[in-house]
Structures are given as structure tokens and as C-alpha cells.
Amino acid sequence: MILGQHAVIRSAEPDDASALLGLYDPSRPRCCLLDGRREFIIPTRDEIREVMNQKEMGRSMLYAVEDKAGVVRGFCSLRGVNLEASFMETVLMFHEDGHFDTPLAEEAFAFLVQYAFVRLKLGKLIAYALDTESSLRRFLLNHGFQSNGIQREIVFWGGGWHNIEAFSLFRTNGASPV
Amino acid sequence: MAVKSKTFLRRAEREDLDTVVGWMEDPDFTQFLYGDPARSPRQIRETIVQMLGRSAGQTVPGAIYLVIDSEEYGPIGMLSLQNISWRNRACTLDLYIGQKHLRNRLVAAVAFVRAMEYCFEELNLHRVGAFIYAFNERSWRIFEKSGAVRELVLPKHVARDGQLHDVYGYGLLRSEFEAFKAKHARSIENLMSSMVDDHRSSEPAPENLS
């Protein structure tokens with residue numbers, strides 16, 4: 001458990017299933033919750049709990065981000081390690097976009113950066129954002145990520161096509177660990 | 001589009017196994033593939049069997065594997081459509097030319113066009129994407145000549161021979177492919193020739209689209 005000044009970051013547990021389910025908002029899909037084919041899915045609470053109960057969950061590095069009152073405000077994660085090329089994907093998601101402008105997001109991000117670049121000694125972090133995730137995009141760019149381009153019309157929902165932007169952050173870019 | 005060619009796509013048969021495994025065991029070929037280069041021949045064979053088995057006539061398959069065949073040369077390569085999303089009408093394409101002497105030939109461009117026709121005109125997809133290593137220039141050149149857009153440049157994204165290399169992400173929308181066909185309707189064979197001509201006399205690097 002990481003006790004920050006504003007946030008508590010801890011491994012996600014099966015009891016967090018409801019909080020995680022709340023992020024699967026069909027009116028506001030999040031890129032990090034699309035499946036491998038970039039399709040929007042809505043799992044049941046039981047399915048999420050079942051996944052979180054699996055032993056492998058301990059290695060999946062999904063963390064709940066709580067405020068000081070103990071309310072889960074979002075989740076962060078590192079996933080999809082590529083050992084050869086030394087990178088992982090960064091995941092940051094909050095129930096309210098406004099949290100990207102708060103110390104909660106700052107502390108969660110600092111935790112991920114420290115974990116990836118200092119502890120795991122990775123060379124690069126990658127991230128993805130849908131064209132509707134403007135808060136996430138702004139946060140990534142403000143924290144040293146560079147845009148690597150946009151995959152056009154790759155997701156369909158709400159009667160239209162949507163784009164996904166890819167980002168990367170190298171260890172040498174100076175994102176200082178906590 | 002009437003392209004006169006003896007190259008065609010077909011479902012993979014069990015008897016294609018030895019041919020495909022032979023390609024997969026060639027280091028010159030696997031350099032352009034994802035995956036563990038230290039896989040044993042048995043593991044490679046099991047992977048291929050699994051892949052070919054999945055191309056059966058499912059109603060909504062998540063992946064389709066086809067053999068690129070030729071009346072002149074026999075099996076030339078393999079086409080795989082991965083991560084097919086019927087909701088997004090999108091997939092990612094891997095196109096492998098297994099026979100080395102054909103890698104820098106018109107057949108690569110023909111196979112690509114055949115693949116796009118299959119994706120857009122038979123499967124009714126909206127978008128085809130592909131990830132190609134930056135050093136595999138002749139492959140991404142074919143994509144670009146067909147109207148595909150280099151959407152992503154993923155820096156230092158793949159390790160080969162102790163070096164990190166960039167990976168390009170391409171996207172080709174149905175409307176772009178239709179525009180490509182309309183523009184070159186009368187000279188599609190010449191266009192496909194131009195997709196590979198520039199490199200026929202250049203360095204003998206393998207020609208895998210992946």
C-alpha cells in the first residue's frame with residue numbers, strides 16, 4: 001500500500017468489483033477497457049470479481065486509487081510487458097474526468113513511473129486514448145508523453161467511428177520518479 | 001477489379017502444414033515475425049496446426065488464415081487476419097511471402113490487393129490495419145502505394161539483433177481502397193508493378209508484410 005499525501009494506492013481486490021464496473025460507462029467508453037479487438041464490453045460484477053479472484057491477478061498490477069476518505073476514485077495499472085523491447089502500457093482511469101487535474105492522478109502516475117522506470121527498469125511506457133478522452137490525453141501530454149499518431153476510425157460506438165491515439169514516454173524524458 | 005493473375009487465396013489444408021512450418025523455421029523469415037525466436041520446431045508446428053484449424057467455417061471467427069496459392073509456383077505465402085472485430089468492422093493484417101525468390105516480385109503486390117479485396121468486398125470490413133517494422137521498407141511501401149496511411153510511428157518498439165527498431169502502424173479504410181481501385185482501374189497491374197518495381201534491384205531483404 002502506498003500512502004501518498006492525497007491518495008492511497010493499493011492492489012485491487014475482488015471487493016473493488018463494483019467500483020471497477022462503474023468505469024464501464026457505455027456513454028463514455030475508455031480506451032483501456034476495450035477488449036483485444038478494441039470492442040466495448042460491459043462485464044458483470046460477478047465476472048469482474050471472478051477475474052480478480054484468480055491467482056494471476058496478483059501479477060496483473062491493477063491498483064485502486066483511493067482518496068483520503070477511503071473512497072475508490074479510480075484505478076491505475078501497468079500491463080502488457082514487452083521484455084525484449086522493455087516497455088509496458090500505462091493505464092489511468094478515474095470515475096470523474098476532473099480527477100486528472102487533482103493530486104490523486106499525480107500521485108498515481110508518479111507511482112506507476114517509479115514502478116516502471118526505477119523498480120522494473122523499463123525503457124518506455126506506452127498509453128492509448130480514445131478521441132473522446134480529452135482529459136486523459138491532456139494529462140499524458142502534460143507529463144512528458146509524446147503522441148505517436150492516431151489510428152483512424154478504429155472503434156465504432158454511439159453511431160460513429162472513433163480514433164485512438166498512441167503515446168509513449170521514454171525513461172530519459174525525465175519523468176521524475178516519486 | 002479484373003486483375004489477371006494466377007495468384008489466389010484459399011483456405012489452408014492440412015497438407016499445407018509442412019510448407020508453412022518450413023517457412024516458419026527459416027530465420028530469414030522469422031526475423032519479421034512477432035514471437036519467441038527460440039521456439040522449438042514442435043512448438044512452431046503446434047502453433048501452425050492451431051492457426052490452420054481456426055480457419056474453419058465459423059460464422060464469426062476472430063481470426064482467418066488463408067494460403068496464398070499460385071498455379072505457377074504453388075503455395076507462396078500466408079495471409080492472416082487477426083483481431084477481427086465484427087462490431088468495429090476492423091482487423092489487423094499479416095501477409096507473409098514464404099518463397100524467398102518471390103518476395104521481391106509482383107506476386108507480393110497481387111497478394112496484398114487480393115487480401116484487401118477479400119477484407120473489404122467479401123468480409124465487408126471498414127478498416128484494415130497492419131504493423132510493419134521500419135526496416136522492412138518494401139513491405140510498408142506496398143501499403144503506402146495502395147493508399148494506406150502511416151498512422152503510427154512507435155519508437156523503439158521491437159528488438160532485433162540487439163537493437164531496438166521503430167514499428168509503423170498503417171491503416172487502410174474501405175473508402176481509401178475504393179479510391180485506389182477507381183484511380184487505377186485501367187492500369188491496376190501496372191500500379192501493382194510499381195509497388196515493387198522500385199526495389200527489385202535493391203538489397204535482397206526478405207519480403208514479409210507483417
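1. Glu89(A) and Arg79(A) form a salt bridge in which the closest N and O atoms are 3.2 Å apart, where a salt bridge is a side-chain nitrogen of Lys or Arg within 4 Å of a carboxyl oxygen of Asp or Glu. The pair links distant parts of the chain, since Glu89(A) belongs to strand E5 of chain A and Arg79(A) to strand E4 (residues 72-82), 10 residues apart; helices (H or I, at least four residues) and strands (E, at least two) are DSSP runs, numbered from the N terminus. Glu89(A) counts as buried at 14% relative accessibility, whereas Arg79(A), at 30%, counts as partly exposed. Here buried means under 20% relative accessible area, exposed over 50%, and partly exposed in between, with a 1.4 Å probe and protein chains only.

2. A word on the basis of these values: this is a predicted model, in which local features need pLDDT of at least 70 and side-chain atom pairs count only at pLDDT 80 or more, while totals for chains, interfaces and linings use all residues. Residues are numbered from 1 along each chain as its sequence is written, chains are lettered from A and ligands numbered from 1 in the order in which they are written, and side-chain values use heavy atoms, with hydrogens and water left out.

3. Other charged pairs in chain A deserve a look. The side chains of Arg10(A) and Glu66(A) meet in a salt bridge at 2.7 Å, N to O, and this pair links distant parts of the chain, with Arg10(A) in strand E2 (residues 7-11) and Glu66(A) in strand E3 (residues 62-67), 56 residues apart. Arg10(A) is buried at 13% relative accessibility, and Glu66(A) is buried with a relative accessible area of 13%. Asp35(A) forms a salt bridge with Arg37(A), with 3.4 Å between the closest N and O atoms, and Arg37(A) is partly exposed at 33%. Over all chains, the structure holds 19 salt bridges.

4. As for the overall build of chain A, there are 5 helices and 8 strands, which follow the pattern β-β-α-α-α-β-β-β-α-β-α-β-β along the sequence. Its radius of gyration is 16 Å, which agrees with the value near 16 Å that a compact globule of 178 residues would have; the radius is taken over C-alpha atoms, and the globule rule is 2.2 Å times the number of residues to the power 0.38. The C-alpha atoms fill a box of roughly 40 × 35 × 35 Å along the principal axes, and buried residues make up 53% of the chain. Among contacts (heavy atoms within 4.5 Å) between residues at least 6 apart in sequence, 62% join residues at least 24 apart.

5. Thr102(A) lies in the loop between strand E5 (87-94) and helix H4 (103-119) of chain A, and is partly exposed, with a relative accessible area of 22%. Its side chain reaches the backbone oxygen of His99(A) at 2.7 Å.

6. Chain B has 7 helices and 8 strands, and 54% of its 210 residues count as buried. Within strand E3 (residues 77-85) of chain B lies Ser80(B), which is buried at 1% relative accessibility. The side chain of Ser80(B) makes a polar contact with that of Gln82(B) at 3.4 Å; a polar contact is a pair of N or O atoms within 3.5 Å, where within protein one must be able to donate a hydrogen and the other to accept it, and residues adjacent in sequence count only if both atoms are side-chain atoms. Leaving aside residues up to four places away in sequence, Ser80(B) touches several others, among them Ile64(B), Tyr65(B) and Tyr96(B).

7. Finally, the interface: 25 residues of chain A are in contact with 27 residues of chain B. The area buried between the chains is about 2100 Å², of which carbon and sulfur atoms give 49%; buried area is the accessible area (1.4 Å probe) that two parts lose on being put together, summed over both. The rule finds 2 salt bridges across this interface, and Arg152(A) forms a salt bridge with Glu151(B), the closest N and O atoms being 2.6 Å apart. Strands E6 (124-130), E7 (146-157) and E8 (160-170) of chain A each supply at least two residues of the side that touches chain B, with the largest share, 10 residues, coming from E7(A). Arg152(A), Arg127(B), Glu151(B) and Glu176(B) are linked in a network of salt bridges.
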